[in-house]
Amino acid sequence: MLNIDMRKIYNFYPIEPAPDAANLPTGGDIYYECADCQVVVNSVPFIKAACACGNLTGGGGNLTVKNPERVRVVRGKLK
Ligand SMILES: [Zn+2]
């Protein structure tokens, strides 16, 4: 698994109000922070990506979220 700490490259800002877990937004600058392991993964990952606990797994432009209730949606801006 790729293990880059995205926080070293990006600043992340929570999206307010928090989006509905049943209808999470996606986009190139939208990232999901796993509430269980705190790993940040892009919502449209083009390279293989996953969080440490397996809640978020993706690649090829699609992200699979096992438990959307345990996700915090954030917007990423390059530092
Ligand atoms: Zn996780």
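In the hairpin of strands E2 and E3, 5 residues sit between the strands, and Gln 38 has a positive phi near 65 degrees. Two strands pair if DSSP finds at least two bridges between them. E2 and E3 run antiparallel and are joined by 3 bridges, and Glu 33 has Val 40 in E3 as its bridge partner.

Before going on, the conditions. This is a predicted model, in which local features need pLDDT of at least 70 and side-chain atom pairs count only at pLDDT 80 or more, while totals for chains, interfaces and linings use all residues. Residues are numbered from 1 along each chain as its sequence is written, and side-chain values use heavy atoms, with hydrogens and water left out.

Back to E2. On its other pairing, E2 meets E7 in the antiparallel sense over 5 bridges, and Ile 30 has Arg 75 in E7 as its bridge partner. Is E2 buried or exposed? Of its 5 residues, 5 are buried, so E2 is largely enclosed by the rest of the structure. Buried means under 20% relative accessible area, exposed means over 50%, and partly exposed lies in between, with a 1.4 Å probe and protein chains only. Both faces of the strand are covered: Ile 30, Tyr 32 and Cys 34 are on one side, Tyr 31 and Glu 33 on the other.

That leads to the core. A nonpolar core is a set of buried Ala, Val, Leu, Ile, Met, Phe, Trp, Tyr and Cys residues joined through side-chain atoms within 4.5 Å. The largest one has 11 residues, including Ile 15, Leu 24, Val 41, Leu 56, Leu 63 and Val 71. Strands E2 (30-34) and E7 (71-78) each supply at least two of its residues, and E2 gives the most, with 3. A further core of 6 residues lies apart from it, with Met 6, Tyr 31, Val 40 and Val 74 among them. As a general point, nonpolar side chains tend to be buried together in soluble globular proteins.

Val 73 lies in strand E7 and counts as buried because its relative accessible area is 6%. Leaving aside neighbours within four places in sequence, Val 73 is in contact (heavy atoms within 4.5 Å) with Pro 14, Ile 15, Pro 19, Leu 24, Pro 25, Ile 30, Tyr 31 and Tyr 32. Val 73 and Ala 21 are 52 residues apart in sequence, and 9.3 Å apart in space from C-alpha to C-alpha. With the same exclusion of neighbours within four places, the contacts of Leu 63 include Tyr 32, Val 41, Ser 43, Pro 45 and Leu 56.

Next, Ser 43. Where is Ser 43 found? In the loop between strand E3 (40-42) and strand E4 (49-50). Ser 43 counts as buried because its relative accessibility is 2%. Its side chain reaches the backbone oxygen of Ile 30 at 2.9 Å, and a polar atom of that side chain lies 2.9 Å from the backbone oxygen of Gly 27.

Now the zinc ion. Which residues coordinate the zinc ion? Cys 34, Cys 37, Cys 51 and Cys 53 do, each through SG, at 2.3 Å. Donors are N, O and S atoms within 2.8 Å of the metal (3.2 Å for Na, K and Ca), and since water is not among the atoms, sites may look incomplete. The donors follow the spacing C-x2-C-x13-C-x1-C along the chain. The angles among the 4 donor atoms are 103 to 121 degrees, and the site is tetrahedral; for four donors, that label requires all angles between 85 and 135 degrees. Ideal tetrahedral angles at a metal are 109.5 degrees.

An open sheet of 3 strands has the order E4-E5-E6, with antiparallel pairing. E4 and E6 (62-65) stand at the edges with a single partner strand each, so one side of each has no neighbour in the sheet. E4 and E5 (residues 56-59) are joined by 2 bridges, and Ala 50 stands opposite Thr 57. E5 and E6 are joined by 4 bridges, with Leu 56 opposite Val 65.

Key
Tetrahedral: all angles 85-135°; square planar, octahedral: opposite > 155°, others 65-115°. Polar contact = N/O pair within 3.5 Å; in protein donor to acceptor, adjacent residues only side chain to side chain.
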